[in-house]
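Q: Can you walk me through this one? I'm new to it.
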Amino acid sequence: MGTTSNFRWPWQYDFPPFFTMQKNADTRFKQTEAWCSLILDYHNHHKLFRLRVTDVLASPLFYNKAIDRRLTKPDVIEILSILHKKGNIEWEDKEKTVCKVFWKTPAQWSDIIFKWVNQSGLNNTVCTLHEITNGPHSSDQEFYALDDQILMQAIQILQASGKAELMGTEGVKFFT
Amino acid sequence: MGYIGGIQAKRGVGASAITKKKLEAVRYKEHGNELAMIQLDQLSGQLETFHSHLEKFAANHKQEIRKNPQFRRQFQQMCATIGVDPLASGKGFWSEILGVGDFYYELGVQLVEICITTRPQNGGIIAITELHQKLMKTRGKYAQDVSIDDVRTALSKLKLLGTGFTLLGTGLKQIVKSVPGELNMDHSAILELAQKSNGKVSHADVKSVYNWQPERIQDVLEHLTKEGMAWVDTQTPKNETWYWFPALFGVGDNK
């Protein structure tokens with residue numbers, strides 16, 4: 001996982017009312033937008049791809065111990081449904097207890113990966129999926145340790161636009 | 001004159017005495033006017049000299065005026081004494097040689113930018129100290145030094161342009177309001193109170209300090225919330241509602 005330290009919380013995080021859902025419509029909008037960004041940034045920084053609602057309620061993300069403020073479960077569900085509309089989360093179950101978090105959408109990942117493929121001269125060679133996300137040449141890349149399912153979605157997008165072709169279950173060939 | 005007096009004296013004492021007095025009065029009046037004329041001449045001459053001295057001074061101390069806020073303020077006060085406004089816009093010695101008019105215009109633009117970019121966060125009010133801090137940051141470390149007085153001066157120039165900037169409160173605790181809309185004495189009073197406790201007030205705080213009626217307190221707090229200047233916090237120790245102002249929160253700390 002990523003380090004809990006050196007994550008830069010936004011100013012809102014230490015602002016007590018941030019954890020009370022505002023009734024004023026304009027302020028409410030600013031608030032939910034800020035929460036959406038925070039959730040994505042937090043998952044990005046810690047390289048987390050999945051969110052379990054019960055777990056996360058007690059985590060620093062939704063509970064700021066220093067100021068003794070927290071979001072309630074209904075609040076979290078409301079914000080997650082906004083993120084869902086934006087395409088940044090996908091519920092894994094009907095009960096909405098767990099979701100996948102796309103701090104980048106699969107389409108965005110596909111762009112980043114394809115760029116890296118070009119820069120590294122890996123076109124027209126066959127790579128394993130594993131070496132893309134866990135190989136020595138990608139250790140400094142954003143997609144390092146990317147979730148397998150998300151990687152697959154990204155590759156499929158490239159495949160659909162003729163930029164790649166899956167080889168079996170483990171390999172992929174990239175074209176120019 | 002003497003000759004006339006001489007002839008008059010031959011006629012008799014009474015008549016000459018009256019005429020003499022009359023003549024003296026006339027002489028005095030004309031001489032009095034002359035005196036005033038001379039004095040006026042001298043004065044306007046002095047003013048002209050003074051004005052040109054001031055211009056010379058300004059030209060010689062151009063750098064000082066540009067770099068040093070205290071010096072700049074004293075120079076402006078000196079100008080005000082003889083009724084010269086170095087900030088008058090338009091062409092002329094002041095704006096061309098000194099570039100002082102442009103200086104405050106430039107500041108004004110930067111201040112407006114800061115107010116606009118911080119508006120989503122603070123609802124259109126910002127502590128003058130924070131505004132000043134952000135201005136310094138925007139201008140960078142190689143730019144001229146700018147004081148809080150310079151900020152006030154620039155804001156007053158903006159006000160003349162009708163851009164709706166208002167200063168609330170006094171001194172270093174002043175708050176700059178950059179949005180249109182009603183903010184009366186009651187609102188200012190609440191902001192002042194909030195400044196003293198890191199940007200927050202409760203209904204009870206207002207009551208204990210100002211002793212207003214509950215409806216009045218509620219009205220003001222609701223208005224400030226509606227304007228987006230205050231956020232509501234209900235997770236408080238005694239379950240009362242607290243009102244927090246982003247503009248006044250953490251000001252003074254390193255934000």
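Q: How many residue pairs are in polar contact between chain A and chain B?
A: The count is nine residue pairs. Keep in mind that this is a predicted model.

Q: Which elements of chain A give two or more residues to the side that touches chain B?
A: Those are H1 and strand E3 (69-70) of chain A.

Q: And which one gives the most?
A: H1(A) does, with three residues.

Q: How many salt bridges does the rule find across that interface?
A: It finds one. A salt bridge joins the side chains of A:Arg69 and B:Asp233, at 2.8 Å from N to O.

Q: How many residues of each chain are in contact?
A: On the chain A side, 16 residues are in contact with 17 residues of chain B.

Q: What area is buried between the two chains?
A: About 1,500 Å² is buried between chain A and chain B. Carbon and sulfur atoms give 60% of that area.

Q: Which residues of chain A lose the most area to chain B?
A: A:Trp11, A:Phe15 and A:Arg69. Together they account for 37% of what the chain A side buries. A:Arg69 is also the residue whose side chain meets B:Asp233 in a salt bridge.

Q: New topic: the inside. How many residues are in the largest nonpolar core?
A: That core has 53 residues. A:Ile113, A:Ile132 and A:Phe174 have the most contacts inside it.

Q: Which helix gives the most to this core?
A: Helix H1 of chain A, residues 25-45, with seven residues. H1(A) also gives the most to the side of chain A that touches chain B.

Q: Which domains does the core draw on?
A: It draws at least three residues from each of domain 1 (11-101) and domain 2 (106-174) of chain A.

Q: Back to A:Ile113. What does it touch, leaving out residues up to four places away in sequence?
A: A:Ile113 touches A:Ile132, A:Phe143, A:Leu146, A:Leu151, A:Ala154 and A:Phe174.

Q: Let's look at chain B, then. How many helices and strands are there?
A: Chain B has eleven helices and six strands.

Q: What share of its residues is buried?
A: In chain B, 36% of the 255 residues are buried.

Q: And what share of its contacts joins residues at least 24 apart?
A: Take the contacts in chain B between residues at least 6 apart in sequence. Of these, 55% join residues at least 24 apart.

Definitions and conventions: Residues numbered from 1 in each chain as written. Chains lettered and ligands numbered in written order. Predicted model: local features only at pLDDT ≥ 70, side-chain atom pairs only at ≥ 80, totals over all residues. Heavy atoms only, no water. Core = buried A, V, L, I, M, F, W, Y, C linked by side-chain atoms within 4.5 Å. Buried < 20%, exposed > 50% of the residue type's maximum accessible area, 1.4 Å probe, protein only. Helix = DSSP H or I, 4+ residues; strand = E, 2+ residues; numbered from the N terminus. Domains from an automatic or database assignment. Contact = heavy atoms within 4.5 Å. Buried area = accessible area lost by both parts, 1.4 Å probe. Salt bridge = Lys/Arg side-chain N within 4 Å of Asp/Glu carboxyl O. Polar contact = N/O pair within 3.5 Å; in protein donor to acceptor, adjacent residues only side chain to side chain.
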